[in-house]
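Here is a short briefing on one protein chain. Look at the backbone first, then at the helix packing.

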Amino acid sequence: MSLPPLVEPAAELTVDEIRRYSRHLIIPDVGVTGQKRLKNARVLCVGAGGLGSPALMYLAAAGVGTLGIIDFDTVDESNLQRQIIHGVSDIGRSKAESAAASIREINPLVNVEIHNTALDRENVREIFAQYDLIVDGTDNFATRYMVNDAAVLLGKPYVWGSIYRFDGQASVFWAEHGPCYRCLYPEPPPPGMVPSCAEGGVLGVLCASIGSIQVNEAIKLLTGIGEPLVGRLMVYDALEMEYRKIKVRKDPNCALCGENPTVTDLLEDYEDFCGAVSEEAQEATLDATITALELKEWQDAGKDIFLVDVREPAEYEIVRIPGSTLIPKGDIISGEALAKLPQDRQIVLHCKSGVRSAEALAALKAAGFRDAVHVQGGVLSWIKQIDPALPAY
């Protein structure tokens, strides 16, 4: 369905703006009035990472008058494979500052507002209230639900995108005209069920595919042209080069935007709502967690342990802790690998950061391996604390 323009047009375009945006101006559906709307628009991009990079660059190139960037992270070398708004010289720099510098280089006519902070329950309303439209480039469920809830409570539309390995999704959520994110996903997936891009990887160019769809939807909303993805989910398979559209209906029983909402304010703790790890994993790690330094001390002292790496084979090829044996988490959870584990040696589990090993530890505890432990922070902690020469990923 077509929707009215989200933004009123600015008073005029300067000569410089007419020259810069001439290819927009000669499109009848956009024209001078549409470009004036873009000039008058205020758009916030949540995250300056994989999705935020192409989104911010094309929003700037399109002439969106004010671009807000909220990101508290710094640029890491591993970001450069996909976060194209940053460069080698930006490593260690604030992502928000780095992105702002790139935007100014692309289009100095754009006003950039930097929010170099983490988005949280205390600031999300105040920040969102300053903008017409939100572009969600987050990569975790806790922030996604918070973005959705704040947008619905403030009556703001937002463009959502998600990426993982070769698969991407995009949609527009606007409770006033269609469903919200909770209508599509009423509850977050069980902890550990959906790996993050940091755990499972993502094809770099997939960010551009989904990020450009997000910008396309943003432009349509701001100018009132075309039919936005309200009530529709775009699913993209990069390996098959296939796009599918799935209808998403507004849920009358939605806890947030339904007929009798039970969520009438922001949640106290979105991390707790989404759960980084399951309750079973949390219980299993109590008094069964060691640090990378303790593991090194155990190895140096010749303690008889069986060190298990629960990551995937591709990760094991990148970097490993000396003396570890690869047994992926899935094989432990399913019970397939239990017969391979020694009964007469203490088992020590580790993964990349400690989340997957905690889940595997819960499965081992349930299977009777009472003295099993896991390494807090996983291989990343080992690299940081024991052997910085190893490659982090």
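**Loops with positive phi**

Asp287 sits in the loop between helix 12 (279-285) and strand 9 (289-290). Helices (H or I, at least four residues) and strands (E, at least two) are DSSP runs, numbered from the N terminus. This is a predicted model: local features need pLDDT of at least 70, side-chain atom pairs count only at pLDDT 80 or more, and totals for chains, interfaces and linings use all residues. Residues are numbered from 1 along each chain as its sequence is written, and side-chain values use heavy atoms, with hydrogens and water left out.

- Asp287 is not a glycine, yet its phi is positive, near 60°.
- Asp287 is exposed, at 87% relative accessible area (buried is under 20%, exposed over 50%, partly exposed in between; 1.4 Å probe, protein chains only).
- Met241 lies in the loop between strand 7 (232-237) and strand 8 (242-247).
- Met241, also not a glycine, has a positive phi of about 50°.
- Met241 is exposed, with a relative accessible area of 54%.
- Most residues other than glycine have a negative phi.

**Helix packing**

- Helix 13 (residues 292-300) packs on helix 17 (residues 378-385) at about 75°, with axes 9 Å apart (axes are lines fitted to C-alpha atoms over the stretch in contact; angles run from 0 to 180 degrees between N-to-C directions).
- Helix 13 contributes Ala292, Leu293, Leu295, Lys296 and Gln299 to the contact; helix 17 contributes Ser381, Trp382 and Gln385 (contact means heavy atoms within 4.5 Å).

**Annotated span**

- An unreviewed UniProt entry annotates residues 301-391 as "domain: Rhodanese"; such annotations may be inferred rather than shown by experiment.
- The end C-alpha atoms of residues 301-391 are 26 Å apart, and the span is 35% helix and 16% strand.
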